[in-house]
Structures are given as structure tokens and as C-alpha cells.
Amino acid sequence: MYKINYAWIDQEFFYDGDDLGAVIKGDKTVFKAWAPLATGVYLNLYLDSEGRSRMESLPMERLDKGVWYVEILRDLDGCFYTYSFEYNHKKNHETIDIYAKACGVNGDMGAVIDFASTNPPGWESVKRPLCKNPCDAVIYECHVRDFSVHPSSGVPAKHRGKFLAMTKGGTRNRSTNTCLDHLLELGVTHVQLLPVADYATVDEAHPEKNQYNWGYDPKNYNCLEGSYSTDPYDPKCRVREFKQLVMELHKRGVGVIMDVVFNHTYYTEESAFERSFPYYYHRHINGKFTNGSGCGNETASEHLMMRKYIVDSLKFWATEYKIDGFRFDLMALHDIDTMNYIRDELDKIDPQILLYGEGWTGGASPIASDKLAYKWNSYRFGRVGIFNDNIRDSIKGGTFNVFDTGFVSGNAHTLEMLKRGIAGSVPHPELHEAKEGCWAFEPTQTINYCEAHDNNTLWDKLCICSKEAPESDRIRMDKLAAAIVILSQGVPFLQLGQDFLRTKPRILKPGEEPNEVNIFEENSYNSPDYTNAIDWTRKQKYRSVFEYYKALIALRKSSSLLRMSMKWEVEQKLSFWRINQGNFLIYSLFEGSESFVIALNGSGEDKYFDLPMGEWLLVLDENGKAYPDPRTGHVCCPRISAVVYKLKPM
């Protein structure tokens, strides 16, 4: 079976229709599935989502292009269904429709629903927030459960860890804003949600188990995760509540980005894709699944119907749910043609929809590396953003060596790579070193960060690699790291709680002796709430850190010089000072009468420098404060800090 001529399949059976899946058309319901080599396909209808009440099983009719069809002369809103695929005239496994757009508990059966009936009041009138330039975005990565499950969130118990927790204003921990109001207070423009599409390893039927996962174990790409809803048995409930989340954020001017995981499926032989059309949707060598994801398989985006599936899914989320952007997990497993095609199709819906991902894989893929969306091929898909691991590691030290230090922790050897990152990773006439850090087509392509859900949080990393430093100095390091990320050219990206020193404490195993490394969880993908939940009391404890991040974001928003979208602008308007003072750098931004001087001091000593001619306002000191009195001449950048001066208007 595995000796399939994929080129022939794609040429003879590619189907360009937009009606695969279950579609209610007036008083009838139409089902279509694509399985060109099947010898029979059957539709199974159920009254429940657990397979106990089958109503009927109907043979489907084969149409052109490998499409199978059946029409039911009634509106099946609220019914559940599966397909049974037959190959070589032998019954194959029953499975959920890969095109199912709603499902029941634990995602084993598709659900037919009238999506118009799921719209919350006011849904139609709420539009996407404007984002004319990707560099205008400030992205904040959130896990739905982490966001509110801790009692300190102030969210009512029945909504903690749910979509609805992100719709409620007015939550507090004592006098401190939490959850939705926190997002608004901080000033972020977009929330990037860790996967909210249906995933496999949390039992939705038993919430009392308090199971946890990030969600990178995809099961149904077009259905929502039921554990985030208040009723996982009702397929409309999760849809309605997620739309409420999107609507409430949009009302407040905050966009919603989905983290999507098309690079692999959680199940392999048992996946709905493999049961629908064996050996087509995944990559194989001699009948064996390849493992570029590190998760047991990898999908085959170069196959036209897999490519179409990804595009159809993204278009569905962008239109039905008004999603504002997509972050691709292990994006380099997808071929370049697919990523460019995705960008083209999303542009037809709204060119402002953000699209970016990880420019690496989780293992070796059989596809030639020059055909995949690796970071080093970035110029061939320049309208798609890529996470900047160069600036990440230059700021804090190597991610995979917890003892390694970076610029903020006193390592001057990262200075040249850091400059590349500050310049948006585009070519710059003043930079000649660290050429491997010059990979972006435009600054809009670089996603600058130093902390994400993966690996140690920034604070935990600093506690390990700079354990001898007092907490006050580690706080200075954290704030300096934030200044670099938020004031560099490109798109800044923060993790939820980073702005108040998020930590991920690890539960030690019986008999395990604690040390400076193992007390923190480096990979918390299925760790309990003890590790992952946001403790909102830290916002009050480290209020000064939060205020600093808030000031940085406000400063970035105040001037287009801090978020230039074209490389020619960066080349002409950004200039690095020629100084040789160790772990210290200064650069200027200038356009007409507007000018900034930004100094970054990663050393343990105060650094002094002379401002250019004119009167300058200190718009950001080491505490995030601004001052109205103009300065001239000789000024100081305190140790382990950033300062920003702006030329006083005439």
C-alpha cells in the first residue's frame, strides 16, 4: 500500500472545492470526504458523541477527483458523525472526519452544527483590531489554563482555566489587575494562545483529574479543545465560548493569534489522517514514518491535498473565528511553497493577519533542506516571520546550556550578534561581524524574544547562570533583557508573566536532592498547575518590574522609529556608536527632527557618555521613569541597565 505515486495522485485527484466535511444547506446536510484510493466510504450518524446511539450507517457515492458524497434531506444540527473507510474491499477503521469543524467530548466524533447559532450577541459588529505593520505588534504568549487557574487570578472557580476567564474584566488580586485587565494595563497588542485546537492527552470527560498539556499533541485541527469549555459534551459550547474570548479581546483592541501544530499528528497509524488515506498525509521512507518533528511522524505539506488541508483550516479559523494571526510550531517541517501559498491565501482575507513560526525542525526530515521553511532559507518566504533565536541567546546565553551567560549577565562576547538583532537581523552597513545573524528579508520577519513556553523562563535561567548575583542584580538583568527585546527593530514577543519574573518551580522526585538547576522545570509541557499556573501575587511583589515592561511598551508605541518595517529605513535611520567599553553599546535612531539615543549596559560598572549637541529628554531610566527637564553633555548609563534619551522638540 505504501508504494503510492504521490505526483500521480496530486495530478489526477486534486480537489479544489471548499465543501469537504459536513455542511448544512437549508433543510439538508451534505457530507463530502476525499479518499481517491478507497473502495468504499460510509457515513455513520450518532445521537451522542461517545458512540452509544448509532442512528444509521450510509454508503457514500464516489464522485470525480476521489470525493465521496452523501446528502441527507434534513438539517442534522446537533448530530454526531464518523466515516468508515474501506480499502481493497476490506473494512478499515472508523474515524472522525479530518474536516470536522466541531466535535463532541474527547474529539472522537465530528459534530454537525449551525455555526450561526454559536455567535454571541454583538459578534457580527466587532472587527479585527488594526495592525498595519507587523512591527506595530507586541505579542504576549498565553496558555489558556495557566492564565487563570491559580486562585490568585480572582476569576470565579467555575471559569478558572477556561476560555471564559479571558472574557471577564474586573478581576483582581487585592488591588492588582489580573487576567484581561492585566493585558490592557500592560499594553500588549496581541495575545498568542498556545494550541486551542483539539488535542489528545487531556481527558475532557474527567476534569477532576486536573490533567495538563501545552497542546502540541494535535488530534482535530478544525475543532476546539473541550477542556477549556464549561461543557465539553456540548459541541456548540466550546465554539460559543471561544468566540466570546475573541470578541471581548477585539472590543478592547487586542488581536488573537493561534499557535497551530500542523507539522505532526499526535497519533500515527491511529490518526484520522492515516485511517482516511493511508500513507498520503504523512512522510514515509519505505513504508516507515519519518520523524522530523521528534514526535513520531511528520506531515507531508508538499502533497497537494495536505497543503490544501492546512490552507483550508487556516481560512476557516480566520473567517469563522476572526483570528488575527497564526504561529507555526516547527515551521521548517513545511515546505517553502506551502508557506508562501498560505500567505497569499490569508492576504485575500486580510493582509494584516500575522503569520510567523519556528525556523527549525525537531529532527531530520527526508525533504531536501533547501525546500523547507528553515530560517536560513528566509529570503525565499520573506512575508512570513521567524523566531529570532540569535537575539534570544545573545541576550541571556545559550538556551541549551543553562550555565551559559549572555549580554545581560556580563558576557561581552555576544555583543556583535546582539547588534544584528537590534538592527532587525537585516543587512546594515555598520555591521560586518556575526553574519549568521543577518538573515531577515525585512525587519517585519524577525520575531524578537528571550523567553517563551519552551525551556527555562528568563528569570529561572538568570537564577541558574547568575546564581551568585543578588536578586536585585538579577532583576536588573531581566529588565535589561526586556529593553533589548522591546526596543529592537522587529516584532517583540513576551511570555505571560515574564513581566513579573515568571518562574516554573519543579516538584522534586522522592529522594531527589535539590540543586540550582533541578528546582526549576525546563520542559513543563505536561507539568501540573503547581509549575505552570500564573501566580498573580508575583505581579504585586515585583510591581516595579511590571511597570518597567509597561513603560517600554508605551515608549515603543510612541514612535515609528522604534518599529520600522523596511530594511532601507533601518539602514538609513539606525546608527551604532563606535565605542570600545566592554559590554556596553549605544545606538541612535533619527528621522528629521526626531532622534533617540539608546544605551545598553550589560557590565557591572556605570558607563558615561556624551550626548550629541542639543537638549535631550531622559524618556526611560533604569526604573522606567521619564523626566521633563532637558539634559545636555555628559550622562550616565547605570550598570546592568538601559537608558533612552529623546531629542527635545524645538
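**Terms and their grounds**

Guide: What covers the buried residues of helix α1 includes β2 (28–34), β5 (61–62) and α6 (304–320), where contact means heavy atoms within 4.5 Å. This is a predicted model, in which local features need pLDDT of at least 70, side-chain atom pairs count only at pLDDT 80 or more, and totals for chains, interfaces and linings use all residues. Residues are numbered from 1 along each chain as its sequence is written, and side-chain values use heavy atoms, with hydrogens and water left out.

Visitor: Which are the buried residues of helix α1?

Guide: They are I9, D10 and F13, in a helix of residues 6–13. Seen down the axis of α1, these fall within an arc of 105°, so they line one face of the helix. On the other side, A7 and Q11 are exposed.

Visitor: Why is the pair of F242 and W317 called edge-to-face?

Guide: Rings of Phe, Tyr and Trp (its six-membered ring) pair if their centres lie within 6.5 Å; planes under 30 degrees apart count as stacked, over 60 as edge-to-face and the rest as tilted. The centres of F242 and W317 are 6.4 Å apart and the planes are at 90°, so the pair is edge-to-face.

Visitor: Why is F242 called buried?

Guide: Buried means under 20% relative accessible area, exposed over 50%, and partly exposed in between (1.4 Å probe, protein chains only). F242 has a relative accessible area of 0%, and is therefore buried.

Technical notes. Helices (H or I, at least four residues) and strands (E, at least two) are DSSP runs, numbered from the N terminus. The arc is that of the directions from the helix axis to the C-beta atoms.
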